[in-house]
Amino acid sequence: APGTVYIFFIVAQRGRVENPVVQKSSDPVFDTPALSAIKQWKFEPGKRNGKAVRFHMRVPISFPKG
């Protein structure tokens with residue numbers, strides 16, 4: 001069956017992913033690949049008054065049928 005893992009993490013000032021954790025998962029077999037994937041991602045940093053700031057984010061990562 002396809003699976004979805006919800007990852008909660010912090011986007012640091014430079015857009016790097018920090019402290020990713022699995023918040024919800026349809027199957028634990030997907031947790032490790034989802035965490036590995038999210039660590040490779042880069043985001044546009046949040047901005048407040050023109051300054052880069054850290055912010056929290058939650059994204060679903062979906063896996064096709066096995």
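Reply: The sheet is open and consists of three strands in the order β2-β1-β5, with antiparallel pairing. Its edge strands are β2 (17–25) and β5 (55–63), each of which pairs on one side only. On average, neighbouring strands of this sheet are turned by 25° against each other, direction ignored. This is a predicted model, in which local features need pLDDT of at least 70 and side-chain atom pairs count only at pLDDT 80 or more, whereas totals for chains, interfaces and linings use all residues. Residues are numbered from 1 along each chain as its sequence is written, and side-chain values use heavy atoms, with hydrogens and water left out.

Some terms are needed here. Helices (H or I, at least four residues) and strands (E, at least two) are DSSP runs, numbered from the N terminus. Two strands pair if DSSP finds at least two bridges between them. In general, strands of a sheet pair through backbone hydrogen bonds, either parallel or antiparallel. Here, strand β1 (residues 3–11) pairs with β5 in the antiparallel sense over nine bridges. Within this pairing, Phe 9 stands opposite Met 57 in β5.

Helix α1 lies across β1, β2 and β5 and runs at about 150° to β2. Such angles run from 0 to 180 degrees between N-to-C directions, the axes being lines fitted to C-alpha atoms, for helices over the stretch in contact. Contact itself means heavy atoms within 4.5 Å.

Asp 31 belongs to helix α1 (residues 31–40). Leaving aside neighbours within four places in sequence, Asp 31 is in contact with Val 5, Val 22 and Ser 25. Asp 31 is buried yet has no salt bridge, and Lys 24, the nearest side chain of opposite charge, is 12 Å away. Buried means under 20% relative accessible area, exposed over 50%, and partly exposed in between (1.4 Å probe, protein chains only). As for charge, Lys and Arg count as positive and Asp and Glu as negative, while His and the chain ends are not counted.

A salt bridge is a side-chain nitrogen of Lys or Arg within 4 Å of a carboxyl oxygen of Asp or Glu. The whole structure contains one salt bridge. It joins Arg 54 and Glu 18, whose closest N and O atoms are 2.7 Å apart. Arg 54 lies in the loop between β4 (51–53) and β5, and Glu 18 in strand β2, 36 residues apart.

Rings of Phe, Tyr and Trp (its six-membered ring) pair if their centres lie within 6.5 Å; planes under 30 degrees apart count as stacked, over 60 as edge-to-face and the rest as tilted. By this rule there are three aromatic pairs. Phe 9 and Phe 43 form a tilted pair, 5.4 Å centre to centre with 40° between the planes. Phe 9 is in strand β1 and Phe 43 in the loop between α1 and β3 (46–48), 34 residues apart. Phe 9 is buried, with a relative accessible area of 1%. The rings of Phe 30 and Phe 63 have centres 4.7 Å apart and planes at 15°, so this pair is stacked. Because Phe 30 lies in the loop between β2 and α1 and Phe 63 in strand β5, their pair ties together parts that are 33 residues apart in sequence.
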